[in-house]
Every structure is written in structure tokens, then in C-alpha cells.
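Q: Could you walk me through reading a few features of a fold, beginning with a salt bridge?

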Amino acid sequence: MRPVGAGSPAPQFPGDVIVEMRGVRASRPRPPDGRRPVLDLPLFQVQRGERVAVLGPSGCGKTTLLHVVAGLLGVDTGSVRVAGCELSGLTEAARDRFRASAIGVVFQSFNLLPTLTAEENVLLPLRLCGHRDSARARHLLKRVGLTQEARAPSSHLSAGQQQRVAVARAVVHEPMLVVADEPTGNLDRASARAVTDLLLEVCEEAGASLLLVTHDRDLAARLDRTVMMADINRVGGSGAGENAS
Ligand SMILES: Nc1ncnc2c1ncn2[C@@H]1O[C@H](COP(=O)(O)OP(=O)(O)OP(=O)(O)O)[C@@H](O)[C@H]1O
Ligand SMILES: [Mg+2]
């Protein structure tokens, strides 16, 4: 099932590469008025259906990488293609529409809307596409152990519960690509397992790719490939420019 497909089809593309970043440089503000280079990626690719873990020390640019892939942050130079779509060629509004149909994002800080219930937060990506499937939202919340909390305002939930809502929200519209920023960072072992199972199962069901940042090597080992940021990012890294496997 791909709910998005009924009204606004998810993008189709011919190749097997779902993410391709070439010659990408990205920077962040450096007060008072400068910018600091954060990413310098000669080449980074994710294949269709591939599950990739990204590891690296705090501050090395993992979140920045995910934000660039999700079209949340523009680049200074280079090409970012997701599902055949060149993101730098899109307006911000077009990037937002593309993300709404093709990408699911689990933010490091969750980014739930505090006044909405857990279920309403999960429904948001569907509503952006003109759909409403409360049963699917409740089903996903059940899979992450939040049946009782579905009607609670998200601001009343613990950090770990909010993180599980964020994971359910990222997969509800069956995106082609899920980017997840430390999606088990606040969870106990059992909840982390349930969230990881959900991410892997939903991606498998939809043939979606998964790009996941984590500090947890056990979680990383469950994915197809592990990439060390220092191996792909020339800022503060080795400059090798090759993916580790
Ligand atoms: N909004 C921002 N404004 C200015 N600088 C930023 C911003 N976000 C990140 N940075 C800087 O960019 C660099 C990379 O940050 P990023 O958040 O991508 O690291 P990270 O690898 O995700 O770290 P962590 O493991 O702690 O989450 C850091 O030097 C950080 O200070
Ligand atoms: Mg981060």
C-alpha cells in the first residue's frame, strides 16, 4: 500500500541509486558573521532498498548530511539527487512537496507538534498529501508500543515515547527513503529493538531505502552497510573519500 499514490504519485525514476551526492560542500553559520565548512563529500550513494548506517563522533556532520539529503538544508556546491530528482534545482516549496511525498524524516530532536496528539502527529504526512488513515496511524503506534498514548498531546509524552511517535510519523506515508537521526537514542533496549524492527520492516515492505545515523554499533550491524563519516567527509576527516563497508 502506498497511500500517497492515490492522489499524488510518488516520483518514479529509472535507476537503482536513490541517493547520489557528488562534489557536495555544505556549511553552517559561524558567529558573528562567517560560515564554517561542515560537509565536503566527493561521492556518496545509497542504492534503492539499501539500509545504510552512518557513524561518527559528535559534531562530525551526520545530522547535516541527513538534512541535506532530506532537502532541509541547501548546499554551497555540488549535486544532490534523490530518486532522480536534483534537489538544488528545486525551490524551497518544491523541495517541501518532494519531501512530503518521497522522504520520511526522524529528527534527532523529534520535532513533533506539541499541541497535537500522538495520533495527529503521525497523521500529518498523510494529511499533507490529502489523505487520512487513522487506522494506519494507530496500527503504527501499536507497533511501537504506544496504544494507550495515541490520544495524548505529544508534549505530555516522555522523550522515548516522543521518539517512537516520530518514527511512526516518518514511515506512515510509505516514503521511498527514510532518514533517521539517532532514532533509538532515548530508548531502553526493548523499545530500541521495537523501533528498529519497525523501521526495517516498513522499509522492506515498501522497498524503501534507509539512511540512519546512530552511535549504536549493534543497531548498525543490523543494516546492510556501515559508513564512517570520516571516510566520506573531507572536513575534519581522512580525506579518503571512499565508503567503508
Ligand atoms: N544550526 C546550526 N548552526 C550553526 N552551526 C551548526 C548548526 N547545526 C550544526 N552546526 C555545526 O555543524 C557541525 C556539524 O553538526 P552536526 O549536527 O551535523 O553534527 P553531528 O555529527 O550530527 O553531531 P551529534 O552526534 O552531536 O548529533 C558542528 O560543528 C556543529 O556545531
Ligand atoms: Mg546529530
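A: Gladly! Let's begin with D96, which counts as partly exposed because its relative accessibility is 36% (buried means under 20% relative accessible area, exposed over 50%, partly exposed in between, with a 1.4 Å probe and protein chains only). This is a predicted model: local features need pLDDT of at least 70, side-chain atom pairs count only at pLDDT 80 or more, and totals for chains, interfaces and linings use all residues. Residues are numbered from 1 along each chain as its sequence is written, chains are lettered from A and ligands numbered from 1 in the order in which they are written, and side-chain values use heavy atoms, leaving out hydrogens and water.

Q: Which residue forms a salt bridge with D96?

A: A salt bridge is a side-chain nitrogen of Lys or Arg within 4 Å of a carboxyl oxygen of Asp or Glu. Here the partner of D96 is R99, with the closest N and O atoms 3.1 Å apart. Both lie in helix α2, three residues apart, about one turn of the helix (helices are DSSP runs of H or I with at least four residues, strands runs of E with at least two, numbered from the N terminus). R99 is buried, at 14% relative accessible area.

Q: Where do D197 and R222 lie?

A: D197 is in helix α6 and R222 in the loop between α7 and β9, so this pair links distant parts of the chain, 25 residues apart. Their closest N and O atoms are 2.7 Å apart.

Q: How should I read the sheet, and what is the order of its strands?

A: Strands of a sheet pair through backbone hydrogen bonds, either parallel or antiparallel. Two strands count as paired if DSSP finds at least two bridges between them. This open sheet has five strands in the order β6-β7-β8-β3-β9, with parallel pairing. Its edge strands, β6 (103-106) and β9 (225-228), each pair on one side only. Within the sheet, β3 and β8 pair over four bridges, and A53 stands opposite L212 in β8.

Q: Which residues have the most contacts inside the largest nonpolar core?

A: A nonpolar core is a set of buried Ala, Val, Leu, Ile, Met, Phe, Trp, Tyr and Cys residues joined through side-chain atoms within 4.5 Å. The largest one has 40 residues, and L141, V165, L199 and L210 have the most contacts inside it. Its largest share, eight residues, comes from α6. A second, separate core of 36 residues includes L65, L73, I103 and V179.
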